[in-house]
Each structure stands twice: as C-alpha cells, then as structure tokens.
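My notes follow the display.

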Amino acid sequence: MALKTVPARGLRVLLAPDSFKGSLDAPAAARHMAEGIRNALPDARVTQVPIADGGEGTAAVVAAACGGCWHAVDVTDANGQLVRMPFAACESAALGAFAIFDVAAVAGLPDAMAAPGARTTRGVGQAIRGIAAQGFATIVVGLGGSSTNDAGAGLLAELALDFLDAAGGRIDPVLDNLASIRSLRPRADAGRWQAPRLVALTDVTSPLCGRLGASMIFGAQKGVTDLAQADEVLGEFAARCELALGRHAAQAQGAGAAGGLGFALRLLGAQLLPGGSFILDAAGLATVAGYDWILTGEGRSDRQTLLGKGPALIAALGRRHGVPVTLLSGRLPMARCCARRSTAASRCRPVLRRWPGRSRRAGHCWKRPPRSWHGSMRPRAVPFRRTTSRMPRPAPQPQRHAVPPVRRSAATMPRACSRPARHGAPPHSPHLPYSPRLPRPGCPA
C-alpha cells in the first residue's frame, strides 16, 4: 500500500505502539514516537493511543482508557513466593463493572527464579478467588508474558480439581509432575463459591498443542529444553482434564496463550477474546479512517507477531480502512519484505541500526530520531531508506579440504614455495605430507 501524499501541515498521525519489553512501556513508547514526529513535522496532528494485546501492560492500558482505579490482592507467584498483585476496577458499556489483572504480574517471565518445570500457576487461581471475594462478578484476565508452561494446571488445582498419583495422594501440578498424574477428582470446595464470569484476553491464537502450540512456539523462551516431550505431556494432561470436566478446549484459538492458561480458563467456562481487539474497542479505535498515517511498534517482531499480537491487528485495521501503517520494531529478525507482507504493514523498520552492538535502550533511539526522519518527511510520509548492519565482515578463512594425504614419489613431489602461504601458514615442504592446495601465482610448480 503506497503512503499517502498529503501536505505536511494537514498530516494526521496515529501512534499506537505496544510495549518494548525491557525498555519502554506502551505510553512511554508513544511519547518518544510523538517527539520524533514533531521534530520532523511540527505542524502534523499527532494522536497517541498506546495499545496492548493481552500481555503485560494490558491492565494499565484498559484502566487508562476506562478510568479505572487500582486495588491489590495477595497471591503466590510462579516461584511459590507470596507477592502483592495489583488489579484495576473498571467499567464499560459492554461488560459493566469488571476487574482486570495481568498474568504477568503473578507469573511474569522476568521474575522467574525457579526451574521451568517447577513453576506454578496457582497464583492466578488465587487472584480470581480473591477478586471474586471482593464482590466483582466479571473478571478479565490478560494472558501473556508468563513464565509457566503447565497448561494452567495450578489454576485448575486452585479452583476446580485435585490431581492424584498412583497411591491416591495429591500432586503439586507443575510441568515436571504432570506425567505422574493418574486420576482427577473435583475439589471438595468447588461448589461453595460463586464462580464469576471470566473473560480471557489472549495475545496469540495458538492452540494448546501441536506445531503452533504453547510448548513448540513459546517453550524455548521460558527455558523448556525438550519441547516435543513437553508438548506430549501437555496433550495427555489436557485429555484427562477434558474428560473430567466434560468440555473440549485444547484446540480453541488462544488455548496456548500464557503456557496453556487459555486452555485452563476455557475449561472453566471463560470467554477467550483477542486482547488486541478488546483493547482497541476500549480505546475507541474501532475505525481509523480519519488518519493519514499510523505508526505501531513492539520490542521484537517475529513469527509470534503473526499469531494475533497488537501490531499485527493494527496493521490489519489500517489496511481494512486504506490507511498506511509503519511497524517500528526493536528487532526485526525476519526479512523486512517478508515481515511487511505477513503483517500487512506498509513499512517495517528496526529501531536499532545495529544488532548486536552497544547496549542501548530503545528509548535512547527515540530521543534522537534517525536522520532519515528529517527532511524527507515533508512532502509525504516517511520514505524510510534501507539500512544495513555496520558490523565488520569477518576475515576470510582458508578453505580446508577433507582429502586424505596422497603419497607421491620424490620425482613428482612439487618443490616448496619460497613465499609463505596466507594467514601465517608454513610453506609447502617435500619433507611434509602433501597438501592438495594449489600453488600461489608466481611460485614455481
């Protein structure tokens, strides 16, 4: 899609970035983007609408859009330690009064200290119980950014089921113990509390298992080493849980979000919604037809982006309304043309010009926009020039041939070259095993 040619004075720009994990949250990223746009186009009309896709920062974005207020509840994190988890009380026309919290605030990946197979999601179940006890009839859970990969077993153990071993004893349902489960039974107190309405905001569309499942796509970044075995264990565990609760959820879109927490919540009757769409509606971005240019971004754009992340939804929304979209990413490992074609974005550009290089936060780059932003933006939207890595090329290495030594007579043995070979190698000698390297030009044969 070609960028629109409009006067600089009348350019209407929408900034809708996601968070740059580890560097900037979504509101801060939008502020730095606005600073760069105003430096290049002082007369442009800039609108900042930070977004999230169901991952970390979702509760903050929704609370800011709906005017929510913050509360807290005590829960157990992924390491088994007691923490204070914040949640926001909000109200909307679609849901009425509701509470929202991020799974990343309970079992976030940066806070994970325990081994990948020993992390638990019990804290998510405790959060739901604690929020429901405060009188909230609707609870929205932002999935994403979790450090767990247990198909929500800890959540199910906290709210619905007891998991037993061969001897009939209870098992702590973490990833390492799921293969030891032999039977399931409903919790004794499962019917003593009024279950709230649950809405799960997923940041991906992955199912629980398979090639695009929780383990195969996201397991490696959480420290899981044997992805195939983890996928098999989650599949067997899911089949037992579906049989016990009489509901199929493993193949639902978003069941693989947050290491399988989407599956567990769907088993409990939760409604799985794309987090990006939910937040766009809350922020009033149902249509973007009134803008001339949209900028979105995130910390890293890869194949996970194509599974329902916020920037991909923004790109699709812009294409649907005929508005060009530029994706700014902290890192763009995919070929830029493939990323542009896959995300429906008009332009894709990495924020950092060299990777890896000096350790710099993404915010430092925004405070000083690239030179290509200035001057060339005035007649129309930014025609970003192509940038290539400035890392020096490695020195060429001598080619080594896997050819066994050949014995030759002294009459046919080539004489030694008077000049040394490249890279400090010793010259050929008739007293050494023959190497099939060809003589250099100018050396006697």
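These entries cover the basis of the model, then charged pairs, then a helix.

**Basis.** I am working from a predicted model, in which local features need pLDDT of at least 70 and side-chain atom pairs count only at pLDDT 80 or more, while totals for chains, interfaces and linings use all residues. Residues are numbered from 1 along each chain as its sequence is written, and side-chain values use heavy atoms, with hydrogens and water left out.

**Salt bridges.** I searched the whole structure and got eight salt bridges (a side-chain nitrogen of Lys or Arg within 4 Å of a carboxyl oxygen of Asp or Glu). One of them joins D74 and R84, at 3.0 Å from N to O. D74 is in strand β3 (residues 69-76) and R84 in strand β4 (residues 82-92), so the pair ties together parts ten residues apart in sequence. Strands here are DSSP runs of E, at least two residues, and helices are runs of H or I, at least four, numbered from the N terminus.

I then checked burial (buried is under 20% relative accessible area, exposed over 50%, partly exposed in between; 1.4 Å probe, protein chains only). D74 is partly exposed at 42%, and R84 is exposed at 56%. D162 and R170 also pair, at 3.5 Å from N to O; D162 is buried at 7%, whereas R170 is exposed at 62%. I also noted a salt-bridge network linking R122, E158 and D172.

**Helix α9.** Which residues of α9 (residues 275-282) are buried? I found G275, G276, F278, I279 and L280. They pack against α2 (58-66), β9 (197-202), β10 (271-274) and α10 (310-320), with contact meaning heavy atoms within 4.5 Å. Just after α9, G284 has a positive phi of about 75°.
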